[in-house]
Amino acid sequence: MRLKRHAPLIESTLKRAAVRPAASSLCNRCRRYASSQAYPEKVAVLGGGISGLASAYFVAKEFPQSKITVHEANKDSGGWIQSRRVEVPGGDVLFEYGPRTLRPGKDALITAQLIQELGLTDNVIFTKKNAPGAKNRYIYYPDRPQRLPAAGDDFSFWHLVELWSSGLLAGIPNVLLEPTRACRPSTLRDESIGSFIERRFDKRLANNLASAVMHGIYAGDVWKLSARTLISQAWQIEGFGGNIYRGLSKLLENPSSPVRQALFHPHDLAMYKAIEREVDLDETFAEHLAGSAMFTFENGMAELISTLKSKLENHGHVEFKFGSRVQDYKLAETNPQEVEVTTGSTESLSTEKYDLVISSLRNSDLTPFVTVMTVNLYFPTPNLIPQKGFGYLIPQSVAFEKNPERALGVIFDSDAITGQDSAEGTKFTVMLGGHYWDGWEHFPSETEGFEMAMSLLQRHLKIKEKPTHYHVNLSKDCIPQYTVGYEDRLQKYAHQVADQFKGRVRIVGNQVGGVGVNDCIKGAWSMARGLRGVAWKEPHTGLERALHPDVAWEVAPASTGLLSKRKPQ
Ligand SMILES: C=Cc1c2[nH]c(c1C)Cc1[nH]c(c(CCC(=O)O)c1C)Cc1[nH]c(c(C)c1CCC(=O)O)Cc1[nH]c(c(C)c1C=C)C2
């Protein structure tokens with residue numbers, strides 16, 4: 001494990017990338033291609049959200065001489081990441097319209113490395129694991145927020161009794177019967193998370209606890225989201241042991257390691273090993289990450305976007321084209337080594353040729369999407385509610401009359417993240433819609449959204465005060481839904497891209513490697529790594545993991561150890 005040094009800036013890392021051993025050892029291979037290009041001269045990145053920006057950054061590190069063009073349909077980059085500072089009496093507050101925090105752990109290591117390389121570590125703010133905003137998480141059931149037990153909690157016996165009598169935990173005793181349940185049929189390729197939990201444990205656990213969690217991550221329906229993809233560990237462990245209990249026992253009895261074991265797709269295992277080799281975090285930063293439950297930036301998540309964008313702008317070989325909507329891309333008929341990208345509107349289309357295209361654009365055949373409305377509210381009274389915590393999620397089992405607004409959850413922003421606001425009042429975000437709005441053509445207006453959020457807060461938290469500031473944001477089709485059958489659809493898509501583009505198009509984004517910001521950044525890194533040296537000419541797609549959906553998973557330590565508190569030996 002290496003934990004050392006200060007953040008190198010992009011300029012120096014780009015120089016390092018040009019001379020590092022991995023690249024120079026590829027020179028022998030380059031010679032075989034002496035008559036052809038050793039790097040893609042022109043690269044297009046389609047989409048200027050976090051996946052597109054991170055792709056441009058990592059590709060620029062791999063190929064410092066390539067000319068990279070980022071095509072973005074909107075006027076600016078960032079996609080769903082939007083942070084706004086709002087003046088309020090006594091100071092200001094930060095409103096996040098999309099993702100607001102990052103979670104440390106092995107999936108955050110590339111993000112952490114990126115933050116360090118961008119020189120942003122001093123701007124990171126952490127929510128410590130033992131802070132109320134991290135520890136106190138609530139689920140609304142059946143008519144009030146119920147606090148869930150957390151590690152290292154002073155949870156009283158009476159609190160447990162109260163939680164039990166609320167009915168939220170109904171079905172938990174049936175977890176003990178799991179080993180007696182029948183093995184899943186070998187023909188079952190996938191099922192919904194709800195059906196998996198019902199089959200192994202109890203339907204009530206799916207409707208109460210699991211549906212709340214799925215609201216908080218995917219704003220999605222527990223009865224539609226894929227168990228095989230989204231709770232892949234549980235799905236694989238069941239397959240590994242015949243039932244979950246036996247699968248876990250087999251993992252625990254593995255004598256090769258004293259640390260917690262997990263199952264990994266071989267492709268992911270290779271990737272985490274590469275991350276362990278290549279990530280080199282500053283010791284203090286790594287320690288802060290290890291002690292925190294979540295982290296973000298003083299000026300919100302948009303700070304990551306703006307810094308990344310300006311580093312790319314200063315790079316010299318990266319150009320942004322805003323208002324450049326991609327209409328089509330295809331291999332050039334005259335030269336199948338090039339991809340023609342057509343952008344613009346029907347009145348004025350323009351076509352450019354590229355050696356390589358990185359696409360973060362959506363493919364509606366792969367996943368459906370849900371629409372989420374976020375209502376950010378600021379009340380001048382500090383500590384407006386007695387509960388302190390991250391916020392609460394609302395499961396699908398809550399009766400309609402308790403949640404007629406079809407809200408998914410409420411975030412107590414002022415507790416969850418401290419250090420972004422100079423004003424001392426209370427900030428909440430109410431999240432509405434998600435899968436409840438599937439198939440809707442018209443969504444609530446801003447006024448309706450605000451009124452829905454306020455009536456919810458009055459009913460759920462007894463808030464009578466009016467907010468002095470609020471913002472309603474409708475993110476149409478913002479979160480892809482990895483629904484049942486996703487792996488098979490992804491495999492088909494991987495083959496299509498390979499056949500159609502012969503390696504000249506690589507796919508990144510929230511539809512292919514996870515919906516979180518960490519997932520998007522890690523996916524961009526992994527894609528760029530897959531181009532290394534002359535591999536950019538191979539007939540790859542960036543979707544290689546999907547080509548072998550039925551491969552056996554491997555047992556390995558659950559964490560990389562890069563964020564452990566141990567000092568280097
Ligand atoms: C705009 C709404 C979003 C909802 N989920 C996501 C967004 C952007 C994406 C997301 N949220 C979480 C994860 C888990 C892994 C991670 O990267 O942290 C993902 C992929 C967990 C999470 N859920 C909520 C928050 C504040 C977080 C932390 C990450 C983040 O800031 O998004 C609360 C929450 N998110 C959604 C709802 C309905 C909700 C309710 C309280 C949907």
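Which element gives the most residues to the shell around the ligand?

1. Basis of the note. This is a predicted model, in which local features need pLDDT of at least 70 and side-chain atom pairs count only at pLDDT 80 or more, while totals for chains, interfaces and linings use all residues. Residues are numbered from 1 along each chain as its sequence is written.

2. The shell around the ligand. Strand β17 gives the most to this shell, with four residues; helices (H or I, at least four residues) and strands (E, at least two) are DSSP runs, numbered from the N terminus. The shell holds 22 residues, of which Pro99, Leu408, Gly409, Met431 and Gly516 come nearest to the ligand, where a residue is near a molecule or strand if its C-beta atom, placed from the backbone, lies within 6 Å of it. The elements that give two or more residues to the shell are α9 (203–218), β15, β16 (391–393), β17 and α19.

3. Domain 1 and domain 2 both give residues to the shell around the ligand, so the ligand lies between them.

4. The two domains. Domain 1 is made of residues 10–79 + 298–365 + 485–545, and domain 2 of residues 91–135 + 366–480, with bounds that come from an automatic or database domain assignment. Their C-alpha centres lie 31 Å apart, and 27 residues of domain 1 are in contact with 22 residues of domain 2, contact meaning that the C-beta atoms of two residues, placed from the backbone, lie within 7 Å. On the side of domain 1 that touches domain 2, α1 (10–19), α15 (302–315), α18 (486–501) and α19 (517–529) each supply at least two residues. Helix α19 gives the most to that side, with six residues, and the residues of that side divide into 12 nonpolar, eight polar and seven charged.

5. Strand β18 and its partners. Nine of the nine residues of β18 (residues 426–434) are buried, so this strand is largely enclosed by the rest of the structure; a residue is buried if 20 or more other C-beta atoms lie within 10 Å of its own, exposed if 12 or fewer, and partly exposed in between, with C-beta atoms placed from the backbone. Strand β15 (residues 369–379) pairs with β18 in the antiparallel sense over nine bridges, two strands being paired if DSSP finds at least two bridges between them. Strand β17 (residues 407–411) also pairs with β18 in the antiparallel sense, over four bridges. Within β18, Thr429 is the bridge partner of Asn376, and Val430 is the bridge partner of Val410.

6. Helix α14. In this helix (residues 283–290) the buried residues are Phe285, Ala286 and Leu289. Seen down the axis of α14, these buried residues fall within an arc of 100°, so they line one face of the helix; the arc is that of the directions from the helix axis to the C-beta atoms. They pack against α5 (109–117) and β9 (292–297).

7. Gln146 is placed in strand β7 (residues 145–147), and it is buried, with 20 other C-beta atoms within 10 Å. Leaving aside its neighbours within four places in sequence, Gln146 is in contact with Tyr138, Ile139, Tyr141, Leu163, Ser166 and Leu168. One of these, Tyr141, is joined to Pro142 by a cis peptide bond, with omega about -20°, and Pro142 is found in the loop between β6 (137–140) and β7.

8. Loop residues to look at. Asn383, in the loop between β15 and β16, has a phi near 45°, a positive value in a residue other than glycine, and Asn383 is exposed, with 12 other C-beta atoms within 10 Å. Lys462, in the loop between α17 (446–461) and β19 (469–480), has a phi near 60°, again positive in a residue other than glycine, and it counts as exposed with 10 C-beta neighbours inside 10 Å. Arg532 is partly exposed, with 14 other C-beta atoms within 10 Å, and Arg532 and Lys61 are 471 residues apart in sequence but 9.9 Å apart in space, C-alpha to C-alpha.

Notes. Nonpolar A, V, L, I, M, F, W, Y, C, P; charged D, E, K, R; others polar.
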